[in-house]
Amino acid sequence: MIALVLVGAAGRMGRAVEEAALASPDFAVKGRVDRADRHPADRGGWSDTLADFAARGDVVVEFSSPEGCRACAELCAARGAALVSGTTGLDAAGEAAIAAAAARVPVLRSANFSLGVAALRRALDAALSALPRDWDIEIVERHHRRKLDSPSGTALLLGADAAASRGLGSGALRQGRSGRTGPRPAAEIGIHAVRGGSWVGDHAVLLAGEGEWLELRHVASDRGAFAHGALAAARFVAEARPGAYTLDDVLSAKGR
Ligand code: NAD
């Protein structure tokens, strides 16, 4: 049985992870961490401090905020708990805290825990290998109106994948366009963020040639898609040695 501590437990993803964990016989939810004003009145097992729960052998699953993610990384490293982290929009200090934690405990971080997005990344790599380099790459993502960061971590990941495949640096990413921008440079990857309604997560990669175009698209219609991937990651880190892991490591382990 894997003991889970959920950080951001009252949020959209925290609730989806708990629902998936309760339906799975190999997990027990040991504690839920969120801001005190978000605790439900009628349930025990809540705290606003991860220190109240995290211990060696536990897996902390956090979908919270950049500050929450950083605090989790520091506490997991100090307590010897493994970490699955899904928060997007981290700054350099957050990334450094994750890297420092991975030197002491297993840490698996992903901007997108859906298996469909993992397959989309592989399909994009295959498509770019098969197409001439003069096909233009544009990424369009849609998310619900309450999302705090733009563009999404997944759009940035897909942009970085495409740039690496073309031998371009991160300077090739162009976020939105306005004004008299002139003709589109060939070595550019456009990223466009649409916000509204209740879209859970929609990512389309458009590959545009002369007289034809191709669209690779993933749509998450339910947060359960991310929650099941996060639990697969939790099973993986529960058995792993200290280090920094990705969802690809989980998928490769499954295929063994
Ligand atoms: P949300 O706003 O619904 O929930 C976040 C929760 O975290 C809130 O309850 C908030 O009170 C809590 N929180 C914030 N800071 C905290 C802290 N320091 N300590 C404890 N609790 C804290 O947001 P959400 O839609 O659940 O998304 C959360 C994060 O996960 C975002 O960064 C989002 O982009 C990301 N996300 C990642 C994936 C993925 O697959 N990696 C999927 C969906 C969302």
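This report describes selected helices and strands of a predicted model.

## Basis of the model

Because the model is predicted, local features need pLDDT of at least 70 and side-chain atom pairs count only at pLDDT 80 or more, while totals for chains, interfaces and linings use all residues. Residues are numbered from 1 along each chain as its sequence is written, and side-chain values use heavy atoms, with hydrogens and water left out.

## Helices

Helix 4 covers residues 115–130, a run of 16 residues that reaches 23 Å from its first C-alpha to its last, close to the 22 Å expected at 1.5 Å a residue; the expected span is 1.5 Å times one less than the number of residues. Helices (H or I, at least four residues) and strands (E, at least two) are DSSP runs, numbered from the N terminus. Buried in helix 4 are Val117, Ala118, Leu120, Leu124, Ala127 and Leu128, where buried means under 20% relative accessible area, exposed over 50% and partly exposed in between (1.4 Å probe, protein chains only).

Helix 1 (residues 12–22) contains Glu19, which is exposed, with a relative accessible area of 61%. Glu19 and Arg133 lie 114 residues apart in sequence and 44 Å apart in space, C-alpha to C-alpha.

Five strands form an open sheet in the order 8-9-7-10-11, with mixed pairing, two strands being paired if DSSP finds at least two bridges between them. Its edges are strand 8 (173–175) and strand 11 (212–220), each of which pairs on one side only.

Within this sheet, strand 7 (residues 136–143) and strand 10 (residues 201–209) run antiparallel and are joined by seven bridges. Glu138 stands opposite Leu206 in strand 10.
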